[in-house]
Amino acid sequence: MAGAGGEGGRRRRWDARDWDEEGYRRSVLTEREIVSRTVFRTAFAPSQNPSPKTLVVASSDGSLASYSISSCISSSHSQPMHFSRKVDQQHLYESSSVDPLCIIQGHKGPAYDLKFFEDGEESLLLSCGDDGRIRGWRWIEVLSSDVPLSLQGNHLKPILDFVNPQHEGPWGVLSPVPENNAIAVNKQDGSIYSASGDACAYCWDVETGKCKMIFKGHSEYLHSIAVRTSSNQIITGSEDGTARIWDCRSGRCTQILYPDKNRKLKESAWVSSIAIDTSESWMVCGTSNSLSVWSLLSNECIFSVDCRAPVQDVLFHGNQILAVGSEPLLSRFTLDGSILSQIKCAPHSAFCISVHPSGVTAVGGHGGLVDVISEFGSHLCTFCCRGLDIYA
């Protein structure tokens, strides 16, 4: 009898009549989506506190999520940071997910960039994405939302919603709406500039919502854009291998720069990222194989260094240049091109850097992973961003 009972127990355990095929499919798709999620942009939220309090993340699922940095640090597990090993990344996916303070469905398709317009709680959270839209939310409403996470997503309505114009072809045929890959803001005149997939840059008026100007001249889509307020200029970086300086009054291109100094191949390297320092005298460009610094007073390249992997984001921090790319490293350079440090990061391909005035740095990238690094170079925490599908 005991043997028969044991055999019956085994049969019941392996009975497939209650198998939830649809649930299994959903779990596999959800797991794949989590692992393939990418953080395209992070930004520290404006605050009067000298230490960073909130980090906002734009992800490949179109979501914008805000995270409490103190909560991320307190929930982060102490573990060796051997980020180059895949087993460690899988462990991070499973053990370092943190619930956001608030999560918004910003775009249909990936959200590529986000910026804050104005300072303090009255500021606007701006984002752009693959759907060709620029959208904006009142930051105070994001902070004060008391809607449960399971009901969030479309609970906050944007107060700004700009859509890129379509181009009319033969017989009135309209082109698809071009995506927005990056945005920049000019707080002085209330303008938002976007770098788009149709090789154009656009200038939008925040108050009226109208497109004030279109900048045409690149032959391929734009990766990046920056505002040079003191000279009423913008600078764009493109897949066509050039960075172009534009006059915002006339809309004309006044200078074409070629950041890839070793142009031995017929096709030059694409310009992935550009940044301007606070004095607006220097510009750094990242390309598919190099990093270069330019004087904006003379429009001359001061130095250029070859990189082992494509550069995907750059910025100035004081007298230093920070760069990340398609390898798990945060690199710091001096203005003369010397490497100060290289810090290993969790994302094996990093797409963005942001720096708080205190010196705390956030690096985001593949796998939905974000590293928060202290001003001294130590890892404060590493967390994995969750998408809206987790809370549905």
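Reader: In which loop is glutamate 280 found?

Author: This is a predicted model, in which local features need pLDDT of at least 70, side-chain atom pairs count only at pLDDT 80 or more, and totals for chains, interfaces and linings use all residues. Residues are numbered from 1 along each chain as its sequence is written, and side-chain values use heavy atoms, with hydrogens and water left out. Strands are DSSP runs of E with at least two residues, numbered from the N terminus. Glutamate 280 is in the loop between β18 (271-276) and β19 (282-287).

Reader: Which side chain of opposite charge is nearest to glutamate 280?

Author: Lys and Arg count as positive and Asp and Glu as negative, while His and the chain ends are not counted. Glutamate 280 is buried, meaning under 20% relative accessible area, where exposed is over 50% and partly exposed in between (1.4 Å probe, protein chains only). Glutamate 280 has no salt bridge, a term for a side-chain nitrogen of Lys or Arg within 4 Å of a carboxyl oxygen of Asp or Glu. At 4.9 Å, the nearest side chain of opposite charge is that of arginine 228.

Reader: Is alanine 199 buried or exposed?

Author: Alanine 199 is found in the loop between β11 (191-196) and β12 (200-205), and its phi is near 75 degrees, a positive value in a residue other than glycine. Most residues other than glycine have a negative phi. With a relative accessible area of 9%, alanine 199 is buried.

Reader: What is the relative accessible area of asparagine 299?

Author: Asparagine 299 lies in the loop between β20 (290-295) and β21 (300-306), and has a positive phi of about 60 degrees although it is not a glycine. Asparagine 299 is partly exposed, and its relative accessible area is 24%.

Terms used. Helix = DSSP H or I, 4+ residues; strand = E, 2+ residues; numbered from the N terminus.
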